Structure formats: C-alpha cells, structure tokens
Amino acid sequence: MFMSNRVLATSIAFVVLNVGTAANAQRIVDQRIVDQGVVIENVTLISPERPAPLLHADVVLRDGRIAEIGTNLVAGPHARRIDGSGRFLIPGLIDSHVHAGHSAALDDDAIYAHPELWAAYRAQVPRAYLAFGFTSIVDLDVAPIDQAWFEGTPLHPRFYSCGRGIKVAGGYMAFNVPPTSSPNFPNLVYEPKEMDHWPKSLEIGDYTPERAVSRAADTGAICVKAFVESGFGTFNWPYLHTETLQKIRAAARERKLVLMVHANSVDSWQSALNAHADIIAHGLWVWPGDFGNSVPSPGASNVIALAARAGTHVQPTLQTVAGERAMIDPSLLDDPRLAMALPKAIIAYLRSAEGVKARTALLNEYRKASPSPGFEPLLKAAMERTRATFKIMLQDHVSLVFGSDTPGVDSFGNPPGLNGRLELQNWADAGAPLALILRSATLDNATALGLSHELGSIEVGKRADLLMLKDNPLVTVSAYDLIETTFLNGEPIAVEGLRPHD
Ligand SMILES: [Zn+2]
C-alpha cells in the first residue's frame with residue numbers, strides 16, 4: 001500500500017527487464033513514475049512529423065490531451081497503465097469527407113417501412129467510424145437535424161462540418177427547390193449565369209455568395225463546400241460558374257473558412273483552381289470524349305499538374321466510384337468486416353428478397369439513365385479513370401488529403417467506417433506509399449482543415465486521439481484491420497466493444 005516510488009520503480013523495472021531486449025534494459029535507467037492519467041508503455045510510436053518511429057515509447061494522456069512522451073515513463077499505482085508491447089501507436093485518423101446523416105444501407109422506402117432498422121443503423125454509425133479508427137470526421141453537407149442527431153449520440157468521433165453545402169437552384173443536389181426555404185434545405189446561391197432556373201418566390205438578395213457562406217458559418221462550420229457539377233459528363237445541369245465560386249472563395253476567406261469544391265471533371269477542377277479552392281473534394285474521372293476510354297486525356301493530366309503546382313489539396317475519393325459496384329456485385333456482404341459497420345439486422349435485410357429487389361430496382365434506374373455503352377462498362381471505365389488519374393496525382397506529388405465520401409453512392413457500397421478502410425486499401429492498391437497514406441489521413445488532413453494545432457500527430461499538447469494497432473501500418477495496409485484500441489480524448493475504447501448492439 002505504502003510502497004515507496006523507489007521500490008515500485010524497482011519492481012516494475014524487474015517486469016520490464018523480463019521482457020528481455022537490450023533496448024528495454026536501457027529504458028529503465030532513468031525511469032520516472034507517472035501517477036496520473038493514462039500511461040501507454042513500451043509502444044512503437046509512429047507519427048507523421050517524425051522521420052522514424054520512436055521505439056519503446058511511453059505516452060502519457062491527461063485531461064484529454066497528450067501530456068508527455070518519453071522512453072522512461074512508467075505508470076504509478078494511481079495511473080492507468082496500458083501495455084503497448086508489440087503494439088503500434090498512431091494518431092487517430094481523420095476522414096475529411098463524410099455525410100454522416102445519409103443512409104449507406106437503406107433507401108427511403110426501406111427507412112419508411114422499417115423504422116426499427118433505421119434506428120439500429122443510426123445507432124451504429126458513429127461507433128463504426130471509431131471502430132475503423134476515424135476519431136475525427138468532417139461532414140461536407142450536413143442538415144442541422146442530422147448534426148444534432150450525430151452530436152447527441154453517446155459515443156461519436158469528433159465532428160466538424162461545412163454546414164449546408166452551397167448549391168445552384170435546379171442543379172445537382174438541389175433539383176427541386178421548394179417555394180419557401182427552410183434550414184434543412186440545400187444552401188442555395190444565386191448563379192446569374194443560370195438565372196432561368198431561379199425560383200421566382202425567392203429573393204435574390206438573400207442568396208448572394210456572402211449570405212450562403214454566412215449560413216454555413218452560422219452553424220459552427222470550419223469549412224464551406226460548393227458544388228460545381230454540370231452532370232458527370234452525361235447530363236446538362238445548371239452549375240456554379242467560376243465567377244460565383246470566386247466570390248464564395250472571398251467570403252470564405254473573410255470568415256477564415258476552408259473552401260472545399262465538389263469537382264470531378266477537368267472543367268470543374270479548372271474552375272476550382274481558378275477560384276483558389278483549398279480542397280478539391282473528389283478525384284478526377286470526367287473529361288470530354290469517349291466515356292468508355294479510361295486513358296486520362298491531356299486535359300486531365302494538365303489540371304492535375306496545375307493542382308500540384310498550386311498546392312491545392314485533393315481528396316481522390318476512389319470509393320465514390322468503386323462503391324457503385326455493390327449494385328452489381330454484392331460480395332461486400334460477405335466481407336467479415338461489414339459486421340463491425342452494420343448491425344446484423346441490416347445485413348440480413350440487404351440479403352433478403354426485399355433488399356435484393358430494392359437493389360435491382362436501383363440498378364435498373366442507373367442502367368436506364370446511362371448512355372451507351374451502358375452502366376456496367378461505364379462504371380468499369382470510371383473506376384479505371386479514378387485510379388489512373390490518382391496515379392498521376394501520386395507522380396506529380398499533389399497534396400493529397402484523405403476523404404472517403406461516406407456514403408457517396410446509393411445502395412450499400414460505402415458503409416460507415418468500413419468505407420474509409422476500403423479507401424485506404426484503394427490508395428495502397430494504386431501504389432500510394434504507406435507513410436503517405438498515414439500522413440494524408442492524419443497530419444496533412446489536420447493541416448488542410450486548419451486543425452493541426454489540435455489534431456493529426458502525437459505531440460505534447462494535442463488532443464489524445466490515438467489508435468493502438470497490432471501490426472505496423474508502415475509495413476502493411478492490413479494493419480488498419482488490427483486496431484485494438486481507439487483513444488478518443490484520452491479515453492481508451494476497446495474496438496471489440498464497438499460492435500453493433502444486436
Ligand atoms: Zn460527398
């Protein structure tokens with residue numbers, strides 16, 4: 001009970017020595033007892049600002065922050081000791097492109113018919129992000145009602161948002177404009193070049209770029225997202241033109257908000273670059289010419305080179321396209337990791353006759369809307385295009401930031417949490433170095449979002465959002481399947497405990 005520090009130190013030294021390595025013997029020489037907070041002992045610390053991992057590291061967490069880092073710290077009787085032997089400690093991952101309130105499993109009819117399934121789904125969403133290591137997420141287009149729901153869940157990742165995304169009347173995500181506006185409706189901006197689509201009932205002066213940016217800022221947003229989408233190369237929708245985007249840019253800068261631009265075509269990338277967007281929120285897979293041809297056009301290579309030169313951050317979002325495959329190929333339902341993302345009842349629904357029927361109906365809609373040579377070959381080409389342009393971004397050293405666009409597709413191809421893991425896999429499969437992947441999902445994301453004083457690395461003073469893995473993420477991307485503990489605000493959460501409640 002009244003063991004002196006000296007005696008305690010000696011007994012712990014004995015235990016540590018028993019582990020047996022020479023380096024471990026070294027770390028006991030000047031050891032110091034830490035008797036408050038959480039002490040993660042003898043872990044391999046991997047953090048993007050360090051040129052090399054710190055072996056046999058001890059990390060102290062206190063008051064939600066990283067309090068000390070050393071190689072000689074041991075937990076006293078009043079501290080909580082966590083043995084990090086054989087484990088790898090990395091910063092919590094940041095997913096800077098999610099839509100937390102959107103369904104990644106049930107369509108509107110299913111939500112209406114099965115409110116209990118919807119409730120079960122929603123209960124797991126925040127836990128799924130944490131289970132897959134995402135301790136911070138950024139929602140790019142959130143309705144106040146969804147933000148209130150997410151932030152009200154008992155256990156959830158740190159939540160940041162761009163408020164309501166800025167859209168053009170009659171365009172993408174705002175095809176039908178109600179005669180009166182409401183807080184949960186798309187944040188419209190008046191686009192003079194698309195005035196024919198403007199609803200006469202709305203006062204133009206209320207929809208200037210400045211007002212649209214303030215509407216986002218008023219919800220506590222750290223960013224604004226503007227949609228530049230003329231129709232994925234297939235449709236002809238009204239869209240946000242460069243001059244209006246530049247005004248949004250100026251208003252965002254005034255309020256110190258990061259500007260994210262939804263863009264996936266050569267033209268929209270160019271517009272985002274002309275407006276000096278901070279982040280392009282998608283990869284690049286649309287350019288003029290034959291859609292069945294997956295070889296990047298000279299125009300595509302050109303805008304990527306321009307983005308690299310301008311230092312514009314890019315979220316490649318390979319899963320935005322790849323996730324659509326779930327409509328054709330439901331093998332994701334057999335992925336054992338899905339059991340961590342979705343409750344059993346949801347997976348059972350997706351396998352049921354009713355779920356299959358809904359999926360088939362959706363697929364038929366996609367097939368009907370697709371021009372020649374048809375949905376399947378076009379999807380295949382689009383997947384090849386996103387991957388080919390991503391490879392050019394890697395070669396050109398574009399500043400990549402990690403965002404999964406969860407869910408970016410209809411159907412179930414972008415499950416919460418797991419979709420981020422699949423995106424990490426896509427990056428690795430396309431040849432992104434593992435150190436780059438980790439940095440893009442941590443420090444580079446934090447820096448691009450203006451959050452690097454709080455998040456993104458394991459440094460004293462930062463938020464204690466960390467992951468402890470059973471394998472080395474600089475050796476294999478599969479290490480992200482072996483997250484044992486997620487630390488959120490200094491609190492260790494066993495990942496096994498984050499399974500769905502059913
Ligand atoms: Zn999105």
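Visitor: Which residue in β9 is the bridge partner of isoleucine 94?
Guide: That's serine 136. Keep in mind that we're looking at a predicted model here.

Visitor: OK, and how many bridges join β8 to β9?
Guide: There are 4 of them, and the two strands run parallel. β9 covers residues 134-139.

Visitor: What's the strand order in the sheet they belong to?
Guide: It goes β8-β9-β10, an open sheet of 3 strands with parallel pairing. The edge strands are β8 (93-98) and β10 (158-161), and each of those pairs on one side only. On average, neighbouring strands in this sheet are turned by 20° against each other, ignoring direction.

Visitor: Let's zoom out. How many helices and strands does the protein chain have?
Guide: You get 17 helices and 20 strands.

Visitor: And how does its radius of gyration fit with a compact globule?
Guide: It agrees: a compact globule of 502 residues would come in near 23 Å, and this chain has 24 Å. Along its principal axes, the C-alpha trace spans about 80 × 50 × 45 Å.

Visitor: How much of the chain is buried?
Guide: Buried residues make up 50% of the 502. As for contacts with a separation of 6 or more, 71% are between residues 24 or more positions apart.

Visitor: Which of its residues are buried?
Guide: Thr244, Leu245, Ile248, Arg249, Ala251 and Ala252 in α7 are buried.

Visitor: Why would residues three or four places apart point the same way?
Guide: Because an α-helix has 3.6 residues a turn.

Visitor: What do the buried ones in α7 pack against?
Guide: Quite a list, including the strands β11 (166-168) and β13 (223-227) and the helices α6 (209-217) and α8 (266-274). Just after α7, lysine 256 takes a positive phi of about 55°.

Visitor: Now β18. Are its faces covered or open?
Guide: Both faces are covered. Leu466 and Met468 sit on one side, Leu467 and Leu469 on the other, and all of them are buried.

Visitor: Which strands does β18 pair with?
Guide: One is β7 (residues 88-91), antiparallel over 4 bridges, where proline 91 has leucine 466 as its bridge partner. Another is β19 (residues 483-488), also antiparallel and joined by 4 bridges. There, methionine 468 stands opposite threonine 485.

Key
Residues numbered from 1 in each chain as written. Predicted model: local features only at pLDDT ≥ 70, side-chain atom pairs only at ≥ 80, totals over all residues. Pairing = 2+ DSSP bridges. Axes fitted to C-alpha atoms, helices over the stretch in contact; angles between N-to-C directions. Rg over C-alpha atoms; globule rule 2.2 N^0.38 Å. Buried ≥ 20, exposed ≤ 12 C-beta atoms within 10 Å, placed from the backbone. Contact = placed C-beta atoms within 7 Å.
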